[in-house]
Amino acid sequence: MNLKELLVGVACEVVQGRPDVEVKMIHFDSRKVGEGDLFIAQRGVNADGHEYITKAVAAGAVAVVCEEVPGELKEGVVYVKTGNSSEALGVMSSNFYGNPSRRMKVVGVTGTNGKTTTATLLYELVCLLGRKAGLLSTVCNYIGDERVHATHTTPDAMEINELMSRMVEVGCEYCFMEVSSHAIDQRRISGLDFDGAIFSNITHDHLDYHKTFKAYIEAKKAFFDHLPKKAFALTNGDDKNGMVMLQNTVARKYTYSCRRMADFNCKTLERHLDGTLLLLDGSEVWTRFVGDFNAYNLLAVYASARLLDFGKEELLPVMSMLVPVSGRFETILSNEGVMAIVDYAHTPDALENVLSTIEGLKKEGLVITVVGAGGDRDRTKRPEMAEVACRLSDRVILTSDNPRSEEPAAIIEDMRAGVPKEAASRVLAITDRKEAIRVALMLAKKGDIVLVAGKGHEDYQEIKGVKHHFDDKEVIKEIFKL
């Protein structure tokens, strides 16, 4: 593709060379650059791409996009200076793949909790209504019916547009995607044409990256700030920061709520361990989902579908057909009557939501919680996770999540700081996650509920940089002999 065409929409100046040079591929990793490619030098969290410009040129790059032009310029190579290389990468990626986001209705979901469920259910809802859609999510990506392995909550800009172009090729009319705060801050969604944005909630998470809660909120808000006028901006009116998202957007503003008047409302009528009866937009709907937090997710899905011009009459019957997402409040019952629940809850708020739901549903018996915290991530939430588990459980087993480069025992010690003195006798620490789950299930008797929190859909455990196969559900079924 012609460099001049790639640069449409990018604020830049050509420092040297002719901008009509042909470009084979765009890369931001110098190790992947080949003859005839373009290299974009990004300033990353751990590395600065500007240090690899010379290497990229030596590998055959015909053009370089950068924020700081190198002192030595090679003849025959086009050098383009821009204010933000990551922003440029997003726009140029869209141009390279023919701006696929303009050829579908694209809706992004952001928030601390609920992104995966909301985006996935929107995809499934639209498919059940007979329309073709794509999905970009933490659990899995879908190009129509084709399942594609997901590596990040939000992929890099080139991968997003490559996947979207494949969606367009197979006839997708819609694309639903999770939009993480990292992706917003790193401009991975720049150049995308959104038709809608949903805000679920915001609680304590990712402060290892954003440093302050204010910066975390501002990252989420930036997504809404850059929406076009044609798009809808849908926010959770019950979240104390929900209305902040709408402050500066030019998009059409809507709210949803389970507690107060809003554009879209929902009320929980009956709660059961196998589902919930909701009063959704004035009509009773039986759903297969458990917990008030899922009432919010379902309401966001319904409201978004209405804003995408689907009618109430066609939506309500299909809402009852939706099923929970893998690893989200997934129940497994033993032959002896012990219920295990696997959930992705890995923030204090998410854990509290799940445990509060269990408390409101259990008829008798104890609640035993197995919980850990990820390594190389926000350490400040570790004691908060333990405190929530102790407050809302009868027994707690602290264990490993994905320790990554950290020592599991050290992570557990950080969690212990949140254990109240009066709860200490009810808490065990077992670093081996499989053994922790086994002990929890062995302690449980008929009528008890064992929550295994933190990993949900994940089928691996990352230890010292190596991913080992590990699936909470598989472990539970093996112990239950199912």
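Lys434 is partly exposed, at 36% relative accessible area. One caveat before I go on: this is a predicted model.

Let me stay with that lysine. Lys434 sits in helix 14, which covers residues 433-443. What does Lys434 touch, leaving aside residues up to four places away in sequence? Three residues are listed: Phe470, Val475 and Glu478. Take Phe470. In sequence, Lys434 and Phe470 are 36 residues apart. In space, their C-alpha atoms are 8.6 Å apart.

Next, the helix pair. Two packed helices are described by the angle between their axes and the distance between the axes. Here the pair is helix 9, residues 292-307, and helix 10, residues 312-319. Their axes come within 10 Å and cross at roughly 150°. That angle is over 145°, so helix 9 runs roughly antiparallel to helix 10. The crossing of helix 9 with helix 10 is right-handed.

Which residues meet there? From helix 9, we have Leu298, Val301, Tyr302, Ala305 and Arg306. From helix 10, we have Lys312, Leu315, Leu316 and Met319. By type, the contact divides into 7 nonpolar residues, 2 charged and no polar.

Now the aromatics. How many aromatic pairs turn up in the whole structure? The search finds 9. I'll show two.

Start with Tyr174 and Phe310. The ring centres are 5.8 Å apart. The planes stand at 40°, so this pair is tilted. Where are the two residues? Tyr174 is in strand 10, residues 174-178.

The cut-off for buried is under 20%. There is also a cluster here: Tyr174, Phe176 and Phe310 form one aromatic cluster.

On to Tyr254 and Phe264. This aromatic pair is tilted, with 6.4 Å centre to centre and 50° between the planes. Tyr254 lies in strand 13, residues 252-257, and Phe264 in strand 14, residues 264-272. Tyr254 has 21% relative accessibility, so it counts as partly exposed. Phe264, at 10%, counts as buried.

That's the tour. Questions, please.

Terms used:
Residues are numbered from 1 along each chain as its sequence is written. This is a predicted model: local features need pLDDT of at least 70, side-chain atom pairs count only at pLDDT 80 or more; totals for chains, interfaces and linings use all residues. Side-chain values use heavy atoms; hydrogens and water are left out. Axes are lines fitted to C-alpha atoms, for helices over the stretch in contact, and angles run from 0 to 180 degrees between N-to-C directions. Helices (H or I, at least four residues) and strands (E, at least two) are DSSP runs, numbered from the N terminus. Angles under 35 degrees count as roughly parallel, over 145 as roughly antiparallel, 65 to 115 as roughly perpendicular and the rest as oblique. A crossing is left-handed if the near helix is turned anticlockwise from the far one by less than a right angle, and right-handed if clockwise. Contact means heavy atoms within 4.5 Å. Ala, Val, Leu, Ile, Met, Phe, Trp, Tyr, Cys and Pro count as nonpolar, Asp, Glu, Lys and Arg as charged, and the others, Gly among them, as polar. Buried means under 20% relative accessible area, exposed over 50%, partly exposed in between (1.4 Å probe, protein chains only). Rings of Phe, Tyr and Trp (its six-membered ring) pair if their centres lie within 6.5 Å; planes under 30 degrees apart count as stacked, over 60 as edge-to-face and the rest as tilted.
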